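Colleague: I'd like to learn how to read a structure like this one feature by feature. Could you walk me through it?

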Amino acid sequence: MAPSDMISTYSQIEFIISMLFAFSAGASAGSFINAAAMRTTSDKKWWGGERSSCDKCGKILGTLDLVPILSYIFLRGKCRYCSEPISKRHFASEVISGTLTAALYARWGLSPALAISLAVLWFSLFNSLTDIEIGYIYDVWAVALGALGILIRIPAGWAAMLDGLLGAVIGFGFIAMIILISRGGMGWGDAMLMMGIGGAVGWRYSALSLYAGFMIGGIVVLPLMAAKKLKRKDAIPLGPFLAAGSVFVLFTGDIFVRRLSYFLGTRPGWPWG
Ligand SMILES: [Zn+2]
């Protein structure tokens, strides 16, 4: 083997190991976020005396029942004690968070962009889960995302922080405008969620996220309405679409930002130019 081949084999192995690590860290985060969302919607505490238990029989779960993804697979989706099916939301949260965490790590490497991306992914996963379950977005976790995003921007200086503030204003303002014009359809929780996401990602990605979120919402909802599976008056949670749009933009926003910088004569680059 030539030395250069050895180096490339070594870096491939290193890449695979770091991807596996990112995947399992993301799956664990997804597991925690899902549990936190379920406890929040049922007014339970996140920690302290509360221990993880079966949703159906209430049996306190052991370590082997709580390994992200693997426990679900080995138990074939059923509780070890009562044999009732385990809600798919546990498995789905772990797989989605694991896969996207690894993909974002591959996209950005260890960088401020990765920190902001993971904050957006994890906080908006939490907000999506509560929105799907009870149609409610907890403002405090949307505001926390925006605040964390601005905090990460501090070392990059005033322009980067201002970019975050502008992103928050665009995200909140656009949804607020829709609420005021349409009177219904969207809630203030959606506006708060976009304020948080916008504060983290800055004004360009905030605008793109809104666009992508509405496009994804349309692509999913319109065919369901056409097939009469959904009625116009049905309450459709919009948080998950906005979250999906913003995560989509974390991967693709670069393409648009380059064009935009060309026209505006600004420096390309994200999270700050
Ligand atoms: Zn059980």
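Modeller: Let's start at proline 271, which sits in the segment after α9. Keep in mind that this is a predicted model.

Colleague: Which peptide bond is cis here, and what is its omega?

Modeller: The general idea is that most peptide bonds are trans. Here the bond from tryptophan 270 to proline 271 is cis, with omega near 10°.

Colleague: And how do I read a pair of aromatic rings?

Modeller: You describe such a pair by the distance of the centres and the angle of the planes. A search of the whole structure finds 9 aromatic pairs. In one of them, tryptophan 108 and tryptophan 270 are 5.1 Å apart centre to centre with 45° between the planes, a tilted pair. Tryptophan 108 belongs to helix α3 and tryptophan 270 to the segment after α9, so this pair ties together parts that are 162 residues apart in sequence.

Colleague: Are those two tryptophans buried or exposed?

Modeller: Tryptophan 108 and tryptophan 270 are both buried. Together with Tyr205, Trp108 and Trp270 form one aromatic cluster.

Colleague: What about phenylalanine 123 and tryptophan 141: how are their rings placed?

Modeller: Their ring centres are 6.3 Å apart and the planes meet at 45°, so this pair is tilted. Phenylalanine 123 is in helix α4 (residues 112-134) and tryptophan 141 in helix α5, so the pair ties together parts 18 residues apart in sequence. Tryptophan 141 has 28% relative accessibility, so it counts as partly exposed.

Colleague: On to the metal. Which residues are the protein donors of the zinc ion?

Modeller: Cys54, Cys57, Cys79 and Cys82 each give their SG atom, lying 2.3 Å from the zinc ion. Along the sequence the donor residues follow the spacing C-x2-C-x21-C-x2-C.

Colleague: Why is the arrangement around the zinc ion called tetrahedral?

Modeller: The ideal angle for four tetrahedral donors is 109.5 degrees. Here the 4 donor atoms subtend angles of 103 to 120° around the zinc ion, which makes the arrangement tetrahedral. Cysteine 54 lies in the loop between α1 (3-41) and α2 (70-74), and cysteine 82 in the loop between α2 and α3 (88-108), so the pair ties together parts that are 28 residues apart in sequence.

Colleague: How accessible is cysteine 54, and what about cysteine 82?

Modeller: Cysteine 54 has a relative accessible area of 9%, so it is buried. Cysteine 82 counts as partly exposed because its relative accessibility is 25%.

Colleague: Next, backbone angles. Where should I look for a positive phi?

Modeller: Most residues other than glycine have a negative phi, and that makes the exceptions worth a look. Arginine 76 has a positive phi of about 50° although it is not a glycine. Its place is the loop between α2 and α3, and at 72% relative accessibility arginine 76 counts as exposed. Lysine 228, likewise not a glycine, has phi near 60°. Lysine 228 lies in the loop between α8 and α9 and is exposed, at 73% relative accessibility.

Colleague: Since you mention α6, how do I check a helix's length?

Modeller: Compare the expected span with the distance between the ends. Helix α6 (residues 158-182) has 25 residues, so at 1.5 Å a residue it should span 36 Å; the end C-alpha atoms are 36 Å apart, which agrees.

Colleague: And what do the buried residues of α6 pack against?

Modeller: They pack against α5 (139-153), α7 (188-201), α8 (203-226) and α9. Among those buried residues are Gly164, Gly167 and Gly171, and also Asp163.

Colleague: Last topic: polar side chains inside helices. What does the side chain of serine 246 have close by?

Modeller: Serine 246 is in helix α9 (residues 239-264) and is buried, with a relative accessible area of 1%. A polar atom of its side chain lies 2.8 Å from the backbone oxygen of alanine 243. Beyond its neighbours within four places in sequence, serine 246 is in contact with Val120, Ile197 and Ser209.

Colleague: And where is serine 124 found?

Modeller: Serine 124 is in helix α4, and at 1% relative accessibility it counts as buried. The backbone oxygen of valine 120 is 2.4 Å from a polar atom of the serine 124 side chain. Leaving aside neighbours within four places in sequence, the contacts of serine 124 include Leu193, Ile197 and Ala243.

Notes:
Residues numbered from 1 in each chain as written. Predicted model: local features only at pLDDT ≥ 70, side-chain atom pairs only at ≥ 80, totals over all residues. Heavy atoms only, no water. Donors = N, O, S within 2.8 Å, 3.2 Å for Na, K, Ca; no water. Tetrahedral: all angles 85-135°; square planar, octahedral: opposite > 155°, others 65-115°. Helix = DSSP H or I, 4+ residues; strand = E, 2+ residues; numbered from the N terminus. Buried < 20%, exposed > 50% of the residue type's maximum accessible area, 1.4 Å probe, protein only. Polar contact = N/O pair within 3.5 Å; in protein donor to acceptor, adjacent residues only side chain to side chain. Contact = heavy atoms within 4.5 Å. Expected span 1.5 Å × (residues − 1). Phe/Tyr/Trp six-rings, centres within 6.5 Å; stacked < 30°, edge-to-face > 60°.
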